[in-house]
Amino acid sequence: MTRVIERKPRRYRLPILFLLIQLFALTALGQSSVVIKLDVDATQAQRNLIHTTLHIPVKAGPFSFFYPKWIPGEHSPTGPLNDMVGLRVTANGTAIPWTRDPVEMFAFRCEVPGGVSQLEVTFDDVSQPGTTMSARLARIKWNRMLVYPRGMNSDAVRVDAAIKLPTGWQFATALPVQRERRDEIEFKEVSLTELVDSPMITGANFRKLTLASTPVLHEMDIAADSPAALDVKPATLQGWQNLVKEANALFGAHHYRSYRFLLTLSDVGGSEGLEHHESSEDGVGEKALSDPGQLVDLGDLLGHEYTHSWNGKYRRPADLTTPDFEQPMHGDLLWVYEGLTEYLGKVLPARSGLWTPENFRESIAAVGAEMDNQSGRNWRPLVDTASAVQFTYSSPRAWMNYRRRVDYYSEGLLLWLEADVIIRRQSQGKLSLDDFCHKFHGSPDTGPIVNTYTFDDIVQTLNQVTPYDWRGFLDERVNRINQRAPLGGITNGGWKLVYNETPNDEVKFAEGQRKFMNLSYSIGLMVSNEGTVLDVNPELPAAKAGLAPGMKIVGVNGRVWSGEALHEAIAATKSEPGPIHLRVDNGSFQDNYELVYRGGDRYPHLERDSTMSDLLSEIIKPRAH
Ligand SMILES: [Zn+2]
């Protein structure tokens, strides 16, 4: 992978152009290339411990090396520095003392003695159980296992990597394999950029499925905690094959030499969703292929991470494109990077048959309701949730409704749905957001290169599809405070966001997964199954009565706490309005609270508006199968 800026890619000149630019960039920076030898010993993966040995060419004198800090796709300084332990530097068998930079803690310094041309750096990657491994599988993220000469462009650092796996474990990765001998794999030399972008999954229970072999290989690689979990239903396999066809039809070209979905199925190996150019890390629960709810959720995850190969990896905001793993990334265009991906990540599973039209509508209703009820939207414009990604992504759940966390995903989705509907209406159904994707992310087919963009490029391409005040449209929704969510895609798409007592499928699934009750649209409360208040909407009855995150409800209308008792109390307000009496622990104190509410249970759904044409159904019609 080479980071090249190409505004107008041309079909035949591309490879020469990008080699020339790379050559120029290297010369201008005075950097020569360096080849690092990386040997990873993953034989103790079951213990959440991986040993790494690096051989780095050096010259005598001061030498600085760097542990990857800003991780692509995470948009934040999330390199797990705490997990790097046991660091030792030696030269020809003699220990070399090292020091850490007192300000930039990911940087290390040492003094290379005369006559030394290579340093050996060793350390262990130790992780909290469940982070990237279980007893039967592991996700190998190379950025956790290496350091590189500080200040060097990651395209100029070449890495010759090898790994030793636990006995009998199989593996998959986008990295090209040089040699394979029992449990030891040697890879072809690649740039540091490509290495970090090409993680591996490995495990005792493994399965590889070819989803498409033309025009290039598309593979579903599955590592699971049990052999039974690997069972794939024919309809699921068909849906995955359709997903590849639908994505390629949507964009009209691809930007990988082959593509691998690296799927891990484990309840302890950590859920994951991380995009790469030629693969994606998709981590879900062990029973995801047999449990209907988890299977729907997986469709969303696969659609999202796969879309990123085009939107995020190939087309990337210029401010998010950095030359190494030290320079900070700017997140202000994440409502495109993640927002458009979130939208297409739901459209594609619906077009592929992994989702029913009802799954799509329930999901859109859940997103629309959540965004429309974010009280934080009264103080924080959408762009700020993206610009502040360094802390919004890891934001605590308490007061989340008021904080307004990573809304660039969900509100970004609504914004792109609205843009899609505008294009369809303006063109009387002749054009759609698919045409934008064709122009912006499509032809020609390329390998894994980066083509950066700015806000102006988005506006310009939208105008090429359909002339409209796109600058005003985006500025209004992204940069300004708006009391209501952008629901125009739903309403002008022929549907209405309504609330009734029937639980929303997506809300219900999340409640089951995270063991909590989502009462956001009735009394404005999220509460754990044990009664602990997780969040409140400051503008709705629970907060107005005085409840706050961290308190624990122990009694409902004179009865001991149970989720059922609270549900019954809320449902009863439909016919008998009256306060709901709650007894609540707050630390070592206990008090009574009165919730003034009427209206019963409320969950979001989409209801057909027959006065408008049904564009939402048009959007999810298959176009490739
Ligand atoms: Zn994403």
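The following questions and answers concern a predicted model.

Me: How many disulfides does a search of the whole structure find?
Reply: A disulfide is a covalent bond between the sulfur atoms of two cysteines. In the model, such a pair would need its sulfur atoms within 2.5 Å. The number of disulfides found in the whole structure is zero.

Me: Is cysteine 437 buried or exposed?
Reply: A residue counts as buried when its relative accessible area is under 20%. The value for cysteine 437 is 0%, so this residue is buried.

Me: Where do the buried residues of helix α14 fall, seen down its axis?
Reply: Helix α14 covers residues 470–479, and its buried residues are Trp470, Phe473, Leu474, Arg477 and Val478. Seen down the axis, these residues fall within an arc of 100°, so they line one face of the helix.

Me: Which helices do the buried residues of α14 pack against?
Reply: The buried residues in question include Trp470 and Phe473. Their packing partners are α5 (334–337), α8 (382–387), α11 (407–426) and α13 (455–465).

Me: In which loop is proline 215 found?
Reply: The peptide bond leading from threonine 214 to proline 215 is cis, with omega near -5°. Proline 215 itself belongs to the loop between β18 (205–212) and β19 (218–224).

Me: Is histidine 75 buried or exposed?
Reply: Histidine 75 sits in the loop between β4 (61–66) and β5 (84–91). Its phi is near 60°, a positive value in a residue other than glycine. The relative accessibility of histidine 75 is 2%, so the residue counts as buried.

Terms used. Residues numbered from 1 in each chain as written. Predicted model: local features only at pLDDT ≥ 70, side-chain atom pairs only at ≥ 80, totals over all residues. Heavy atoms only, no water. Buried < 20%, exposed > 50% of the residue type's maximum accessible area, 1.4 Å probe, protein only. Helix = DSSP H or I, 4+ residues; strand = E, 2+ residues; numbered from the N terminus. Arc of directions from axis to C-beta. Contact = heavy atoms within 4.5 Å.
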